[in-house]
Amino acid sequence: MDWLATLFSDYTVRIVMLGCALLGFTAGALGVFALLRRQSLLGDAISHAALPGVAIAFLLTGSRDPLVLVLGALVSGWIGTLVVSAITRSTRLREDSALGIVLSVFFGIGLVMLVIVNKLPTAGKAGLSTFLFGNASTMLASDVRTICILGLACLLCLFLFWKEFKLISFDPQFAASTGLPERLLDTSLTTLIVLAIVIGLQAVGVVLMSALVVAPAAAARQFSDRLFVVVMLGGLFGALSGVAGAGMSASIEKLPTGPVIVVFASIITVLAILLAPHRGLLPEYLRQLASRRRIETQRVLQALYRLVETDPDPYRAHDANVLQVVGLRSARHTIAAMQDLGWVERTEDRGWIRLTQAGWLEVQRSVQQREGPH
Amino acid sequence: MNLDLPILLTAVAVALGCSIIGTLLVLRRMSLISDAISHSVLLGIVLAFLATRDLASPWLLIGAAMVGVLTVMLIQLLLTTRRLKEDSAIGLVFPLLFSIGVILITRMAGDVHLDTDAVLLGELGFVWMDQTSVLGLDLPRSFIVSFCMLLANLLFVGLCYKELKISIFDAGLAASLGFSPLLLHYMLVSLVSLTAVASFDAVGSILMVALMIAPPAGARLLSNSLAQMLGWSMLLGSLSAVAGYYLAIMLDSTIGGCIAMCCGLAFLLCWLLAPERGLLAAWLRSARQRVLFAAQMLAVHIANHEGRPEEGVECHVANIAEHMHWQQQFADDVIGYARRQQMLREQDSILRLTEEGRGIAEKLMLHG
């Protein structure tokens, strides 16, 4: 725990962690909308498509100001999404191909430009290559300020137009029929998603930023059906991955930030899919197990009823194997469970099973339930 | 950088291999699988490298292919939980595998010639650093690897052509005829992974996506059958590779990036200019239809007023634009078109229908 203390006391590390938390929150929250609109992979395309914008912004202004580079990335990421929707609307190609083309071609153009930029004498590498994999440890207070301003602006817009965005995400046709400017809202929401992605490029990198849009949102979705809760949880999971990733990469040498953040986000998602209270796989399995037990118990009870139906003494003992005759193969576990409940007991001499008084009542109730009230 | 035939040939071989396999991906709506695989093979390469400590080892190919298949299996596994949609499942799996790969590289293999830039970006100019001698010729290893991949892809498509065709266009029929869709799927996925590794020295894994998707997508706009599409996509792919290579020499920049750029350009040209499905063709078609429709309306207008007292005003050439609520320019175009089509003639500046024009107008008025 010693390294934790140094971690939180170090000014630079605190700055970096704050930055990563903020961009994680923004990406996680906006990612929920991408998830709902089945646009998760648009994030992947956008983050790749942002690269030429970064290079052009640097070539035009010669400045390394994060705001300038982010604006460049925003413009080219946005053009990328326009091209994707233009291709899908005007040709017979599907969205997957359109995304693939935009992603790889824009990225290629970006690389060609980066190589040119890096050859300029003034560039001094300009730190532009960190945009590929991200490097949170080089984050300065000014970078964090940019993330802060843009991230908060993004979230503010999201909450100002909350109702509208909610409507176009769930029922765009209805939104259009109520007279909302659907295309405009759609574009604005996409722009916000693009913005959430490009502010993270410097820390997490082009190649991995898309994961921060997908994973926290996918995790949050497992916990609730209410949009507000999912968005908040998505933000929280994103922020958590950001802090954990940045902290770990700062405290251990030779550990790149972006990938560590992605690994954390993925772990959260896998845990959510496995363990989330209602939708989780494990709770579902346990529910299925419990209901299978319940059904089995009812079947054993009814089988016992059939055995004693014609018998004046309902508490007569029977060989457990008799149950096989009436169609229950192995009820050993169920009988053990029923013994624990005190519904049946085993005779001391031969280990036959016999209904107890409580068991007899239970049998009658079960039969009544099955046959319904007369 | 000088002109270097083996480098150019390597680029063309990679482009051909990618565009063959990419055609199948585009048609099966699996384009983004290539993106996922191109990222995640990094993990396979790293793991195989850490095991063998040899960059030339064939295990690198095998490891990468296995991780590629694993990627698709994991995506499938996530889908069967029904907790995620396909896009999220893809977007979750490959960044994770890729991240693990990057972390392993930076932590363990930092001091050797295997870095993320090399895998992601590739550099065709460096292929000579690694040579092998075949039949007494010194050739770059990437050339041989990518050439073999090209042959493997050709063989796959050639041998399974019929099966692929049925499974792409009618999956239900394919299954009922007894072709295992799953077997074909995983064969395709393995080939995509192998092609991804074979191409990564040459163009880098992300740019390989450009070669796998853009030429087939362009070809899709030019063709009406699988064979045509394969042919066009190989042509577009290899042209982009050659053009990209020369562009890179001109700009003194990365060959992979330039090839991706040319792929984009090739697609753009197809998108704009494809004879039937291009934007230009669609625009021309709609412009022609607009004029045709307007000429028919004009014929109806004249038929309504012909031989009546108001004819001199309503059917006067100078008044048509006003009466039909058209721009003057458009009215002139429509009248010119209608006259060329022998629908009407002009008599003392009054428009009159020909027999043909009257036939058209009457048919329209009769049937609405």
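How many other C-beta atoms lie within 10 Å of Thr297(A)?

A: There are 19, so Thr297(A) is partly exposed.

A quick word on bookkeeping. Residues count from 1 along each chain as its sequence is written, while chains are lettered from A and ligands numbered from 1 in the order written. This is a predicted model, so local features need pLDDT of at least 70 and side-chain atom pairs count only at pLDDT 80 or more, though totals for chains, interfaces and linings use all residues.

Back to our threonine. Thr297(A) sits in helix α15 (residues 281–308) of chain A; helices are DSSP runs of H or I with at least four residues, strands are runs of E with at least two, and both are numbered from the N terminus. Leaving out residues up to four places away in sequence, Thr297(A) touches Thr334(A), Ala337(A) and Met338(A), where touching means C-beta atoms, placed from the backbone, within 7 Å. His333(A) is 36 residues from Thr297(A) in sequence, with 9.7 Å between their C-alpha atoms.

Zoom out to chain A, and you find 18 helices and two strands. Its radius of gyration is 30 Å, well over the 21 Å that the globule rule gives for 374 residues, so chain A is more spread out than a compact globule. (The radius uses C-alpha atoms, and the rule is 2.2 Å times the number of residues to the power 0.38.) The C-alpha trace of chain A spans about 105 × 60 × 35 Å along its principal axes. Buried residues account for 47% of the 374. Of the contacts in chain A with a separation of 6 or more, 71% involve residues 24 or more positions apart.

Now for where the chains meet. Chain A brings 47 residues to the contact and chain B brings 50. On the chain A side, α3 (40–61), α5 (95–119), α12 (206–221) and α14 (257–275) each supply at least two residues. The most come from α5(A), with 15. By class, the side of chain A that touches chain B has 28 nonpolar, 12 polar and seven charged residues. Here Ala, Val, Leu, Ile, Met, Phe, Trp, Tyr, Cys and Pro are nonpolar, Asp, Glu, Lys and Arg are charged, and the others, Gly among them, are polar.

And the partner? Chain B has 17 helices and four strands. Its radius of gyration is 29 Å, well over the 21 Å from the globule rule for 368 residues, so chain B is also more spread out than a compact globule. Its C-alpha atoms fill a box of roughly 100 × 55 × 40 Å along the principal axes, and 46% of its 368 residues are buried. Among chain B contacts between residues at least 6 apart in sequence, 67% join residues at least 24 apart.

How far does the predictor trust it? The model scores ipTM 0.86 and pTM 0.85. Chain B has a mean pLDDT of 85, with 90% of its residues at 70 or more; pLDDT is the predictor's confidence in each residue, from 0 to 100. Within chain B, confidence is lowest in helix α5 (residues 116–121), at a mean of 59, and highest in helix α11 (residues 226–251), at 94.

Note on methods: Two residues are in contact if their C-beta atoms, placed from the backbone, lie within 7 Å. A residue is buried if 20 or more other C-beta atoms lie within 10 Å of its own, exposed if 12 or fewer, and partly exposed in between; C-beta atoms are placed from the backbone.
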